[in-house]
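Please work through the following exercises with the structure at hand. Each task is followed by a solution in steps.

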Amino acid sequence: MKYSGYAYINTIGCQMNVYDSEKLASILRSYGFEKTEDMDKADIVVCNTCSIRHKAEEKAFSFLGRFAKIKTTRPHLILVMAGCVAQQEGKKAFARVPYLDIVLGTQAFSRFGQHIDAIKSGKQKVVDIKDSPMIYEALPDISCFDENKISKFVTIMQGCENFCTYCVVPYVRGRERSRSPQNIVEEITLLVEAGVKEITLLGQNVNSYGQKEGGISFPRLLARINDISGIQRIRFATSHPKDLSLELISAIRDLDKVCNHLHLPVQSGSNKILKKMNRGYTREKYLNRILDLKKECPDIALSTDIIVGFPSETREDFNDTMALLREIEFDSIFAFAYSDRSSAPAAKFSNQIDENEKKERLNILLELQEYYTQKKNKELVGRSVDVLVEGKSNKTREGFEKNRSNMEQMQGRSESNKIVHFPSPHVNIGDIIKIKIKNAYPHSLWGHPLGDFEYK
Ligand code: 5AD
Ligand code: SF4
């Protein structure tokens with residue numbers, strides 16, 4: 001059916017959820033609902049949820065909790081819980097949010113429209129947490145995109161079968177399935193036609209792309225995407241260290257559009273903990289992979305994910321993680337305190353770590369990394385880097401270009417994914433320009449366009 005009205009989507013969680021929310025927006029649009037940023041105007045509100053950590057899940061329930069009151073004054077508003085928490089909770093979600101209309105699991109998106117029809121025609125509640133063979137074949141409706149969007153996510157595979165013992169993903173996103181290369185290339189071509197310059201390919205373990213289907217490997221998929229004219233940069237996440245192949249390392253080295261940056265989650269530097277996490281590699285194997293990578297791509301930027309306070313992690317295990325950070329010198333890290341998830345096996349492990357202790361370890365780790373992030377940024381001072389211009393800068397440097405009324409303060413990202421601010425009288429969003437780095441700060445770089453002008 002076709003309706004008319006407005007849809008508000010609240011996205012919590014990872015990049016994959018951002019992509020999924022765009023899919024939901026496309027479906028809603030085809031049913032006549034325009035996207036709005038004004039929740040008060042909305043006829044349908046979707047909360048696309050994340051259950052990776054307790055905090056994300058609570059954020060979803062607290063957002064939906066606000067509708068207890070709103071629904072009394074706007075009873076026709078359709079309230080939807082979508083995504084990972086929806087998949088995990090199913091009809092139990094009604095116990096905490098009784099006024100929910102639709103619980104839409106991670107693989108139920110293609111049936112979203114028919115559930116809206118059911119609610120519109122008087123049905124009280126719908127729960128759909130059924131499996132689907134492939135959820136990502138439909139191409140996006142580019143008219144739903146924000147203007148000036150030059151960077152987009154493209155999910156290339158769904159699910160995960162690695163079963164890391166702390167992680168809910170295999171339970172809430174099902175088994176691993178890859179999209180066909182043709183379908184992915186078609187989507188990226190469409191995005192490029194709409195003005196997109198950079199794409200980030202998403203999957204829980206992109207290194208195993210196509211393996212189950214017997215299709216082309218991930219590095220070969222990268223090569224096919226590299227051939228699409230108009231695309232300027234290719235990024236991808238996430239690589240699992242156990243499957244990082246020499247073929248992928250060569251692809252990063254050889255394919256001109258693939259960024260010189262790798263996100264390779266290590267999770268812990270302790271072999272005991274890695275084993276309990278079921279990660280499938282040792283500290284030594286991880287370090288060797290990094291050596292292989294640095295041999296081929298000496299300037300590559302590295303980032304990682306770390307969990308501190310996993311059950312039975314001693315101070316000694318934690319110190320092994322600290323030592324690994326010192327040894328590798330990552331450009332940046334995402335670090336988390338272990339969060340107990342009842343559907344993941346580690347919830348039943350003995351020797352759970354005290355919350356205060358986890359927080360303390362997290363702070364110690366973040367403080368150490370701050371030093372390396374800044375060190376890596378400082379190493380770029382005096383060098384020139386390619387920057388993809390994203391828009392006007394949200395920061396102003398003190399005393400910056402006061403007398404240059406024709407200067408716009410702009411920002412963009414380096415290949416290593418660092419934010420770079422620079423003044424320019426004449427760049428366009430989506431341009432790639434060479435910026436000479438003048439200053440490095442903990443979370444950004446400042447410079448000026450090469451060959452353009454100098455500032456003091
Ligand atoms: N607790 C804390 N962090 C977690 N992650 C996944 N599950 C948990 C959990 N239960 C982290 C991992 C993963 C990132 C996306 O989230 O570091 O790489
Ligand atoms: Fe979770 Fe491990 Fe799969 Fe990543 S690889 S989604 S951490 S189970």
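**Exercise 1.** State which side-chain contact Gln 267 makes with ligand 1, and how much of the ligand the protein buries.

*Solution.* Step 1: in this predicted model, an oxygen atom of ligand 1 is 2.7 Å from an N or O atom in the side chain of Gln 267. This falls under the term polar contact (a pair of N or O atoms within 3.5 Å). Step 2: a polar side-chain atom of Asp 305 lies 2.6 Å from an oxygen atom of ligand 1. Step 3: taken alone, ligand 1 exposes 400 Å², and the protein buries 86% of that (Shrake-Rupley method, 1.4 Å probe).

Residues are numbered from 1 along each chain as its sequence is written, and ligands are numbered from 1, with chains lettered from A, in the order in which they are written. Local features need pLDDT of at least 70, side-chain atom pairs count only at pLDDT 80 or more, totals for chains, interfaces and linings use all residues, and side-chain values use heavy atoms, with hydrogens and water left out.

**Exercise 2.** Classify the ring pair of Tyr 281 and Tyr 286.

*Solution.* Step 1: rings of Phe, Tyr and Trp (its six-membered ring) pair if their centres lie within 6.5 Å; planes under 30 degrees apart count as stacked, over 60 as edge-to-face and the rest as tilted. Step 2: the centres of Tyr 281 and Tyr 286 are 6.0 Å apart and the planes are at 35°, so the pair is tilted. Step 3: Tyr 281 is buried, at 7% relative accessible area, and Tyr 286 is buried, at 0% (buried: under 20%; exposed: over 50%; partly exposed: in between; 1.4 Å probe, protein chains only).

Conventions:
A polar contact is a pair of N or O atoms within 3.5 Å; within protein, one must be able to donate a hydrogen and the other to accept it, and residues adjacent in sequence count only if both atoms are side-chain atoms.
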